[in-house]
Amino acid sequence: MSVHNPPRQSLTISGRPMSSPLKDVRALSRQMVGHFVENVAPCGTLPGDAITGDVTTITRICLEFAVSMLDGRDIPSTLQRLQDAASAWAREGVPIDTIHHSIAEGFKMGLDLVVSSASVKDYDNLVDGVKMVMEMLDTITCQVSLAYVRELRGVVSEHHTAVHTLTSALLGGHSTSTMARECGIAIAEQYAVLALSIPPHREEANPALDQKVVARRKLRRVQAELAKRCGDTALSLLSVDGGTVLIPADSFDRDGLTALVAQLSQAAQVGITAALVETNTTGIPDAADQAHELLDMVQRLEVTSGLYRFDELALEYQLTRPGPGREFLGSLLDPLDQFPELLETLQRHIANNLNRQRTARVLHVHTNTVDYRLKRIGQLTGFDPTQPSGLWYLRSALVARSYRTTV
C-alpha cells in the first residue's frame, strides 16, 4: 500500500534535527528488540531466529520510516516490507497483540530519545513532533493490521477448506492420511457421529430482516461454540439447517455430549435436535447414514430438542425398516383417523415424556381433557396409553405410521 504525504520541513530540537537520536538505526534496533524481549512478555516466547531476524529487521524499518518522516522526506518504499512481515507473522501464529505492544514500546523508546535534549524553546516543534509520531503510529498500525488480517483470512480459509475436504473424505469412506497431515489434525480411532437439525431462528421469520443473514449468524454462533468446546478435533459439515459432526469418542463422556448439544442450542438460540451413533473410523459412512435416519425418526415423533442415542432408540429405529411388522403397527392407529385431536394428543403426550400438565399447556386444554382423550384412545385402539404395555404399542405405532405414506 503506497502512502503519499505533502512535502514537509525537517523538525529540529535545540538546533539539531529531531531525528538525530534515531540515526544509528542498526544499534538502536538491537537495543529496542532487547527491550521487547525483556518487557513485552509474549516476545520472550518467540523463537530466537524470529527475534534476531524478522523482529530486528522490522524494527529497523520502522526506525528508518520515523527518520524519513521527521526529516520531511517521503515514506520509504521499504514500508512494503512491513506488510510482508505482518503477513508472515499471521501465518506463523504470532499474536497480533504482541506485535502492537512491541510497536508501542518502540515508539515510547524513540520518543524518549527525541525529547531528551529538548528545552522550553522547542515547545512548538515538540508539539509538531508528537503529532507526527501519532501519524507514524497510525500509519504503521494500519499497515500491520491490514496485512495481518488479510493473511489470517487466507490461512483460515485454507484450513477450513482442508478440514472440509478431510471431513467429506471420512464420511465418504476414502483414505484420509495425507489430508490429515496437511490439516495437522490427528484422526481418532473411534468417533461419536452426530446428525444435527438446526431449526430456523425466530428472527428468520421477521420480514424486516434479511433471512439469509440471520441464518448465517446462527450458523456462525454454532460453529464458534463447537470450536470453543472441541478445539480443532471436531470435524463438521454444517449448513444453516444442520448437518454432521464427527467428535473423537474420548473427547466427552455420556453426560458431556448431552451438555455439548445443550451448549450448541444455547449458542444458536434455538433448540437443536441431535442423533448420535458411535463407531470406529472405517464405519463412519454407515454410522452417519444411521444417525441421520435416527434423526429423521426422532423428528417425525416431534419430540423435544436434545440429544438422542441409537442405543436408546434401537427398537424404534428397527420399526422404521420396511416389512409386515411395520405395516401392522402402523395400522393400529387407523381408528383415530376420524379423531385428529386424539392423534395429536397422543403425539404430544409421548413427545412430552408423558407429562400431562405439559401436554395440556401445549394443547391449551385442561389436564382433565388430556385424561379423557387418553382414555378414549385406549377404547378406540384397544391399547391403554396409561399402561406400559399399551404405551409401547402406541409409541411403536406412531413410529411405524409416520413411514407408511412416504416409503
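Predicted model: local features only at pLDDT ≥ 70, side-chain atom pairs only at ≥ 80, totals over all residues.
Colleague: Okay, so why is Asp334 with Arg401 called a salt bridge?

Modeller: Their closest N and O atoms are 3.5 Å apart. The cut-off is 4 Å, so the pair passes. Asp334 lies in the loop between α11 (324–331) and α12 (340–351), while Arg401 is in helix α15 (residues 388–404), so the bridge ties together parts that are 67 residues apart in sequence.

Colleague: How do you know that Asp337 forms a salt bridge with Arg401 too?

Modeller: Here the closest N and O atoms are 2.4 Å apart, and that is within 4 Å, so this pair counts as well. Asp337 is in the loop between α11 and α12, so with Arg401 in helix α15 the pair joins parts 64 residues apart in sequence. Put together, Asp334, Asp337 and Arg401 are linked in a network of salt bridges.

Colleague: Now Lys218 and Glu204. Why is that pair called a salt bridge?

Modeller: The closest N and O atoms of Lys218 and Glu204 are 2.9 Å apart, so they meet the 4 Å limit. Lys218 lies in helix α7 (residues 211–230) and Glu204 in the loop between β3 (190–197) and α7, so the pair connects parts that are 14 residues apart in sequence.

Colleague: Are those two residues buried or exposed?

Modeller: Buried. Lys218 has a relative accessible area of 1% and Glu204 has 12%; the label needs under 20%, so both qualify.

Colleague: How many salt bridges does the rule give?

Modeller: Six.

Colleague: Switching to strands, how do you know that β4 and β5 pair?

Modeller: Pairing takes at least two bridges. β4 (residues 235–239) and β5 (residues 242–248) have five, so they pair, and they run antiparallel. They form a hairpin with two residues between them, and Ser239 stands opposite Gly242 in β5.

Colleague: And what does the chain have overall in helices and strands?

Modeller: There are 15 helices and seven strands. Of the 407 residues, 43% count as buried.

How values were computed: Residues numbered from 1 in each chain as written. Heavy atoms only, no water. Salt bridge = Lys/Arg side-chain N within 4 Å of Asp/Glu carboxyl O. Helix = DSSP H or I, 4+ residues; strand = E, 2+ residues; numbered from the N terminus. Buried < 20%, exposed > 50% of the residue type's maximum accessible area, 1.4 Å probe, protein only.
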